[in-house]
Amino acid sequence: MRSWPVPEVPTLPGRGPRVLLHDTSSGGLVPVGPESGTATLYVCGITPYDATHLGHANTYVAFDLLGRAWRDAGLQVRYVQNVTDVDDPLLERAEATGVDWRDLALSQIELFRGDMTALSVVPPQEYLGVVEAVDLVSAAVRDLLAAGAAYRVAGVDGGPDGDVYFPVDSDVAFGTVGGYDLETMLELSAERGGDPRRPGKRNALDPLLWRVERPGEPAWDGGVLGRGRPGWHIECTAIALQHLGMPIDVQGGGSDLVFPHHEMGAAHAHLLRPESRPFARAYAHSGMVALDGEKMSKSKGNLVLVSKLVAAGVPAAVVRLAIVAHHWRAEWEWTDEVLAEAQARYARWNSAVSAASGPAAEELLATVRARLADDLDAPGAVAAVDAWVEAATAEPGDDAEAPDLVRRTVSALLGVVLP
Ligand code: 5CA
Ligand code: ZN
C-alpha cells in the first residue's frame with residue numbers, strides 16, 4: 001500500500017547520542033537501536049475509521065520523534081506499519097453506515113495519509129494493509145498449527161466449527177510484556193477485542209488466530225484452515241516477521257495495545273521463531289490522549305480530528321507543537337488552552353527565528369539532542385527552545401547563523417516546521 005511523501009528533514013552539524021527509551025516489559029530505560037547500522041521499528045497502524053484523531057496523532061508523532069533521534073544519531077531506520085483494514089469494528093461501522101467496508105477503509109486511509117503528511121511524520125518504508133497480507137498471515141497460522149501451537153474450536157450457537165485459537169500456555173514468556181496479573185489480563189481481554197467467555201477454549205485468554213467464514217463477512221482462502229479471516233494479533237506479528245525479522249528493536253503503539261495485542265503478538269512470534277526470541281528488544285507505549293475527561297476513542301466518539309483542525313485554519317505545525325509539548329508517555333487532555341498555548345508558542349518561535357541574528361545556538365542543539373535521547377523528552381526540548389527564544393527576544397544576539405540553526409533543529413528533531 002502506498003504510504004505518504006517523505007518530509008524534508010534538515011541536516012544538523014554533529015551527531016545525537018544513543019537513544020534511551022522506556023521499555024514496558026522491563027519497566028525501565030533501555031538503549032534502543034544498534035550503535036551503528038540499521039534500527040528496526042514496527043508501529044501498529046490505524047483501524048481505518050474515524051481517523052486521524054489527536055490520540056492517533058500523538059502516537060505516530062511519538063514514534064516519529066524516535067525515528068528522527070535515531071537518524072540524527074547516524075542510524076538508518078527501517079520502519080514498518082500496518083493498517084487493520086479488516087476487523088470487527090470496521091465491518092460494524094461499515095454495516096451501520098451502509099458503506100462498503102473497503103470504501104470506508106480507503107477513504108480513512110487517505111485522510112490518515114493527508115494528516116501524517118501535514119504533521120511532517122516520516123513515513124514507514126513498508127505500509128501494509130492486512131488485506132494485502134492475508135496470505136502471509138494465514139501461512140503463519142498454518143505454521144503455528146503445524147508446530148502444535150494452535151487448536152481448533154467447535155462452533156457455538158449455530159456458528160461454524162473450526163475457528164483457530166492460540167494456547168497462551170505454549171509460550172513460557174507469556175505475560176512478560178505487560179506484566180499484568182491474571183485478573184487484569186482477563187478484564188483487558190474482554191474490553192479489547194478478546195473473547196474470554198467463548199466456550200471450547202483451553203484458556204479463557206487464548207486469542208483467535210483464524211475466524212472461519214460467516215455469511216456476509218469477507219473471507220479468504222486459508223488452505224487447511226478453510227476460508228476465513230485472520231485474528232488481530234497474528235496480523236501484526238506476521239507482517240513484522242516478514243518485513244523486519246526478529247528481534248525487532250522497538251515494537252510500538254499506544255498504551256491500550258500493551259495487553260492483549262502486544263502480549264499476544266510477542267507470544268505468537270516466540271512460537272514461530274523460537275531461535276530468534278524475543279520478538280522485540282523493547283516494547284514502547286505512548287500515553288492516551290483524552291477529551292472531556294475520557295480517553296479519545298472511536299467507540300466513544302469523543303474525537304478531535306487533525307483534518308478538522310487543519311480545515312479550520314490551524315497550521316498542522318501548531319498541532320504538532322501542541323503534541324510535542326507533552327511527554328510521549330504522559331496521559332493528557334486536549335483542550336482549547338492546549339491549542340492556544342501552542343499557537344502562542346509557535347508565534348514566538350517564528351518571530352525569533354525570523355530575526356537577522358540571535359544568541360549562539362550550538363548549546364541549544366546539544367540540549368535538544370540530550371533531552372530527546374533521554375526517553376524522548378520533547379517537553380524538555382521545547383523548554384530549551386523556549387529559553388533560547390526568550391533570550392533572543394530580550395536581547396538580540398549577534399550570531400547571524402543562530403536563527404537558522406534553531407529553525408533547522410526544531411524542524412529536524414521535533415518535526416515542527418517554522419515558516
Ligand atoms: N489497528 C490497531 C493496531 S494493529 C489499532 O489499535 N488501531 S487504532 O486505530 O485503534 O489505533 C491506532 C494507534 O493509535 C494505536 O497505536 C493506538 O494505541 C493509538 N491510539 C488510539 N487511541 C489513542 C488515544 N486516545 N491516545 C493515544 N493513542 C491512541
Ligand atoms: Zn498491531
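**A buried leucine and beyond**

Tutor: In this predicted model, Leu 309 has a relative accessible area of 12%, so it counts as buried: the cut-off is under 20%. Leu 309 belongs to helix H8, which covers residues 306-311. What does Leu 309 touch, once residues up to four places away in sequence are set aside? The list is Leu 54, Val 304, Val 314, Val 319, Trp 334 and Leu 339. Take Val 319 from that list. Leu 309 and Val 319 are 10 residues apart along the chain, and their C-alpha atoms are separated by 8.2 Å.

Asp 249 sits in strand S10, residues 248-254. Is Asp 249 buried or exposed? Asp 249 is buried, because its relative accessibility is 6% and the limit is under 20%. The side chain of Asp 249 has a partner: a polar contact of 2.9 Å links it to the side chain of Arg 281. Beyond its neighbours within four places in sequence, Asp 249 also contacts other residues, including Gly 33, Pro 34, Thr 38, Ala 39 and Thr 40. Trp 70 and Ala 282 are on that contact list too.

Next, the cysteines. Cys 44 is buried at a relative accessible area of 5%. Cys 236 is buried as well, at 4%. How many disulfides are there? The count is 0, on a rule that asks for a pair of cysteine sulfur atoms within 2.5 Å.

Then the backbone. Two prolines follow cis peptide bonds. One bond runs from Phe 259 to Pro 260, with omega near 0°. Pro 260 is part of helix H7, residues 258-272. The other joins Arg 277 to Pro 278, with omega about 5°. Pro 278 lies in the loop between H7 and strand S11 (280-286).

Two residues other than glycine have positive phi. For Asp 292, phi is near 50°. Asp 292 lies in the loop from strand S12 (289-291) to strand S13 (294-295). Its relative accessible area is 67%, so Asp 292 is exposed: the threshold is over 50%. For Leu 376, phi is about 50°. Leu 376 is also in a loop, between helix H11 (362-373) and helix H12 (378-394). Is Leu 376 buried or exposed? Leu 376 is buried, because its relative accessibility is 1%.

Conventions. Residues numbered from 1 in each chain as written. Chains lettered and ligands numbered in written order. Predicted model: local features only at pLDDT ≥ 70, side-chain atom pairs only at ≥ 80, totals over all residues. Heavy atoms only, no water. Helix = DSSP H or I, 4+ residues; strand = E, 2+ residues; numbered from the N terminus. Buried < 20%, exposed > 50% of the residue type's maximum accessible area, 1.4 Å probe, protein only. Polar contact = N/O pair within 3.5 Å; in protein donor to acceptor, adjacent residues only side chain to side chain. Contact = heavy atoms within 4.5 Å.
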